[in-house]
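Hi,

Here is the structure I said I would pass along.

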Amino acid sequence: MIALERGITAVDAIDPNGIATCLEQAALPEKSRVRGILARARTLEGLTQGEAAVLTAVTEPELLHELFDAARFVKNEIYGRRLVLFAPLYYSSFCRNNCLYCGFRRENAQPRRRLELAEVAAETRTLIDQGHKRVLVIAGEEGTAGAFSYLLDVLATVYEQKTDRGEIRRVNLETAPMTIPQFRELKAARIGTYVVFQETYHPEVYRRMHPGGPKADYRWRLETMDRAMEAGIDDVGIGALFGLHDWRFEVLALLAHARHLDARYGAGPHTISVPRIEPAPGAPAALNPPNPVSDADFRKLVAILRLAVPYTGIILSTRESADLRRELFDLGVSQLSAGSRTSPGGYHEHVGGDSATLQFSVNDNRGLDEVVADIAAHGYIPSFCTGCYRTGRTGHDFMELAKPGLIRDRCLPNALLTFQEYLLDCATPGTREIGERVIEEALAGEIPAGERPMIRDALERIRQGYRDLFL
Ligand code: SF4
Ligand code: SF4
């Protein structure tokens, strides 16, 4: 195994005691201090850990209102109205870990399944036919001798599939932490974003929640993204499972993790995910979360993350209800899963998934077309864009555009072009009608006048049959 080069890793950069002290010092903040922080957040420069800690202590309705207003402002300045859509693709529920919040944990006597490559192909083709262009490949940690090479076969299989409705253009990956040589192979396999959640950054809670298997090693997991970056994967996604420990602690730890990656490797995380614990069969900590997060606190934590790391996408899953998802788009979420099935084979075999084999339950059970119509009807632009990945605009190159807010100039046109593809290839007539209206509104509104002819021309080419146009 190749060790990390010497230097600071995430384990050194994230100080649990320092975070606890920071939160204590931030309690009961003055109004003027909160307003000063919100004014600074509106400059799009992000927040320090201390500033974010102050915002976690805000409870007064008037200040909360101002906090949410600031989050809406930053969200709109950087991301505009686009929302990127993707679907998870589970290929194995075998796992040697025993995470107390997960239905796939090894001591849970649920039926296990690893999809054959032909089944992976069938799942992929079902997702393509629904209209997806991005998937997040997910599996439990098998740890068997052939598990890694099988993962490479799965990735290749997903990329190989084509139907008359297109292909998957970006395969993101969420699997067990890898070694540096494995990360190099994953890079060669053309993965998009590599995602690993720390689940909880609190070492003691982490120990209690992970009683067995390699995942019990807090340090090995926390240094995952250091190894990924060392191996040349510069597009990574971090996250915490909210409900395991105090949400305020996790928010500050996520920020420390993001700052560390940015400082050491010149590229912060591409995304931060904010899953909240949902019931899962045979998972005691999911049925009875140790630190449940209320909807009110969940809104607040999304808004604070939006202000603190404006250039990092925030991902929301179908764990949350449709109503709450709509509110959170406004406060900072920029990517969401839609039509998700959380068990292997869930897409092409059965409509709702077998509840005994799920990793966790979802609250938004709507199909992709319904979600797209709903998003569009509420003023957002559904996007299937994969432009950055396809132009090699990742890591430092991406951050150069993202940090000053310039990425929006690419995101919006790409959203319109990929949405137009979706409307032509996959949408129901009702969704198409709403969508065409949204595209016209954007062309008459936020697209700068000088760019409209070029975008109109590209949209016309798509109507004539061209596909995969992007900036
Ligand atoms: Fe395995 Fe991941 Fe579930 Fe833990 S969370 S039991 S590692 S699938
Ligand atoms: Fe994402 Fe880049 Fe497309 Fe914007 S242009 S939606 S950042 S892939």
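This is a predicted model: local features need pLDDT of at least 70, side-chain atom pairs count only at pLDDT 80 or more; totals for chains, interfaces and linings use all residues.

**Aromatic pairs**

The structure has six aromatic pairs, and I'll go through two of them. Start with Phe183 and Tyr194: the ring centres are 4.8 Å apart and the planes sit at 85°, and since an angle over 60 degrees counts as edge-to-face, that is what this pair is. Phe183 belongs to helix α8 (residues 180-188) and Tyr194 to strand β6 (residues 194-195), so the contact ties together parts that are eleven residues apart in sequence. Are these two buried or exposed? Phe183 is buried, at a relative accessible area of 0%, and Tyr194 also counts as buried, at 0% relative accessibility.

Then there is Phe384 with Tyr422, which is a stacked pair, with 5.1 Å from centre to centre and 15° between the planes. Phe384 is in the loop between β11 (381-383) and α17 (387-390), while Tyr422 is in helix α19 (residues 408-425), so here the parts tied together are 38 residues apart in sequence. Phe384 counts as buried at 1% relative accessibility, and Tyr422 is buried too, with a relative accessible area of 2%.

**Charges over rings**

Arg227 has its charged end over the ring of Trp220, 3.4 Å from the ring centre. Arg276 does likewise with Phe298, where the charged end is 4.4 Å from the centre of the ring.

**Ligand 1**

Ligand 1 is surrounded by ten residues, and the closest are Cys95, Asn97, Cys99, Cys102 and Lys215. Sorted by class, its shell comes to five nonpolar, three polar and two charged residues.

**Ligand 2**

Where does ligand 2 sit? The space it takes is the second largest cavity. Among the residues around ligand 2 are Arg82, Arg134, Arg393 and Arg410, along with Cys385, Cys388 and Cys411. Val84, Gly387, Phe398, Ile407 and Asn414 are also part of that shell. By class, this shell has six nonpolar, two polar and four charged residues.

Which elements supply the residues around ligand 2? β1 (82-92), α17 and α19 each give at least two, and α19 gives the most, with three residues.

Cheers

Notes: Residues are numbered from 1 along each chain as its sequence is written. Chains are lettered from A and ligands numbered from 1 in the order in which they are written. Side-chain values use heavy atoms; hydrogens and water are left out. Rings of Phe, Tyr and Trp (its six-membered ring) pair if their centres lie within 6.5 Å; planes under 30 degrees apart count as stacked, over 60 as edge-to-face and the rest as tilted. Helices (H or I, at least four residues) and strands (E, at least two) are DSSP runs, numbered from the N terminus. Buried means under 20% relative accessible area, exposed over 50%, partly exposed in between (1.4 Å probe, protein chains only). A charge sits over a ring if NZ of Lys or CZ of Arg is within 6 Å of the ring centre and within 35 degrees of the ring normal. A residue is near a molecule or strand if one of its heavy atoms lies within 4 Å of it. Ala, Val, Leu, Ile, Met, Phe, Trp, Tyr, Cys and Pro count as nonpolar, Asp, Glu, Lys and Arg as charged, and the others, Gly among them, as polar. On a 1 Å grid over the protein atoms alone, a cavity is a set of points where a 1.4 Å probe fits but cannot get out, and a pocket is an open set with protein on both sides within 12 Å along at least five of seven lines; lining residues have an atom within 4 Å of a point. A molecule sits in a cavity or pocket if more than half of its atoms lie within 2 Å of its grid points.
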